[in-house]
Amino acid sequence: MATYYNSETILYLNGEYVKAAEAKMDLYSQSFHYGYSVFEGIRSYRTVNGETKIFKAKEHYDRLQRSAELVNLPYHWTTEELTAVTYEVLKLNDLQDAYIRPVVYAPANMSFVQNEQSFLVIEVWAMQPFLGDKLLRIMTSSFERPNPKAFKIEAKAAGHYVNSLLASHEAKAKGFDEALLLDMNGNVAEAPGANLFYEKDGKLFTPAKGNILPGITRATVFELCAELGIQVEEKVFTIDELKNADAVFYCGTAAEVIGFDSLDDHKFPLKWSDTVSRKIQQAYKNLVVENFKPQRHEDAKKEEAVV
């Protein structure tokens, strides 16, 4: 079990910096009883210049606000305010490479009446890549991604993640590293907590929006593809098409970019080090620590040929 805090850990709770061990919430909160809260997963990194940098803070806090609005949670903070608060929480905990978890949660309310207020906590802790750093053995889950008509699919809401937990628990109980969820139509959707890309003949493909939570890391992969000259396409596809890929990877703030070894014990043919997916993984690692501007894919291949 990971250690998220100790007696000295500080978090931000409703306008105050308090010790995590002394923080309290109302056990009659709608969030505790119904999973009615929204959150973000954010990372900060120590850059190559030694500075602490929150990766895409604006995008994350803008999405937190959007999530709250989608599920009718009152929201009265600004992105600029929360970004400054987060840097202070990191400083108070002497952290640079960290995972950041802001949560907007509801007050005590055992009815289904809409709330007039909500609360905020921001927690930070040291965390390695969520899915490790080795190629993953993945299994297709027996659980489906929920029908998007049943909830606000673009909201990063806590209750939605019961589905993710069930799928992940199932996979790990069967000896796999993680699960892959299909949508209600049997098409590939996403991981329990990450998006998916597959590679075929040097081009990347990813599930189209509609049955997925379109992640910020997913958007970053699109940006990197544009800079590297790698073609990428959103489309609907089946598990059979995915198993015909040359390589596959998951991406997310917690997971970063991590490749597949196999899917349902089907091995992917390309050596990971020879894939354009690996180039995306490397470019992402460099981007988050502000190491260098990625090269275009064609230029990188020319350099490799010279070597």
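## A pocket and its lining

Let's start with the second largest pocket, which is lined by Arg-43, Tyr-45, Asp-97, Ala-98, Ala-126, Met-127, Gln-128, Pro-129, Glu-256, Lys-285, Val-288 and Val-289. Keep in mind that you're looking at a predicted model. The space in this second largest pocket comes to about 210 Å³.

What kinds of residues make up the lining of the second largest pocket? Seven are nonpolar, four are charged and one is polar. Strand E4 (42-46) supplies at least two residues of that lining, and so does helix H7 (276-288).

## H7 meets H5

Helix H7 also packs against helix H5 (residues 216-228), with the axes 10 Å apart and an angle of about 105 degrees. That's why H5 counts as roughly perpendicular to H7.

Who touches whom here? On the H5 side you'll find Thr-217, Thr-220, Val-221, Leu-224, Cys-225 and Leu-228, and they meet Lys-279, Ile-280, Ala-283, Tyr-284 and Leu-287 of H7. Sort the residues of this contact by type and you get eight nonpolar, two polar and one charged.

## H2 crosses H3

Now hop over to another pair: helix H2 (residues 57-70) and helix H3 (residues 79-92). Their axes come within 9 Å and cross at roughly 120 degrees, so H2 and H3 are oblique to each other. Is the crossing of H2 and H3 left-handed or right-handed? It's right-handed.

From H2, the contact uses Ala-57, Lys-58, Tyr-61, Asp-62 and Leu-64, while H3 brings Thr-79, Leu-82, Thr-83 and Thr-86.

Methods. Residues are numbered from 1 along each chain as its sequence is written. This is a predicted model: local features need pLDDT of at least 70, side-chain atom pairs count only at pLDDT 80 or more; totals for chains, interfaces and linings use all residues. Side-chain values use heavy atoms; hydrogens and water are left out. Axes are lines fitted to C-alpha atoms, for helices over the stretch in contact, and angles run from 0 to 180 degrees between N-to-C directions. Helices (H or I, at least four residues) and strands (E, at least two) are DSSP runs, numbered from the N terminus. Angles under 35 degrees count as roughly parallel, over 145 as roughly antiparallel, 65 to 115 as roughly perpendicular and the rest as oblique. A crossing is left-handed if the near helix is turned anticlockwise from the far one by less than a right angle, and right-handed if clockwise. Contact means heavy atoms within 4.5 Å. On a 1 Å grid over the protein atoms alone, a cavity is a set of points where a 1.4 Å probe fits but cannot get out, and a pocket is an open set with protein on both sides within 12 Å along at least five of seven lines; lining residues have an atom within 4 Å of a point. Grid points are joined across faces, edges and corners, and a volume is the space filled by probe spheres set on the points. Ala, Val, Leu, Ile, Met, Phe, Trp, Tyr, Cys and Pro count as nonpolar, Asp, Glu, Lys and Arg as charged, and the others, Gly among them, as polar.
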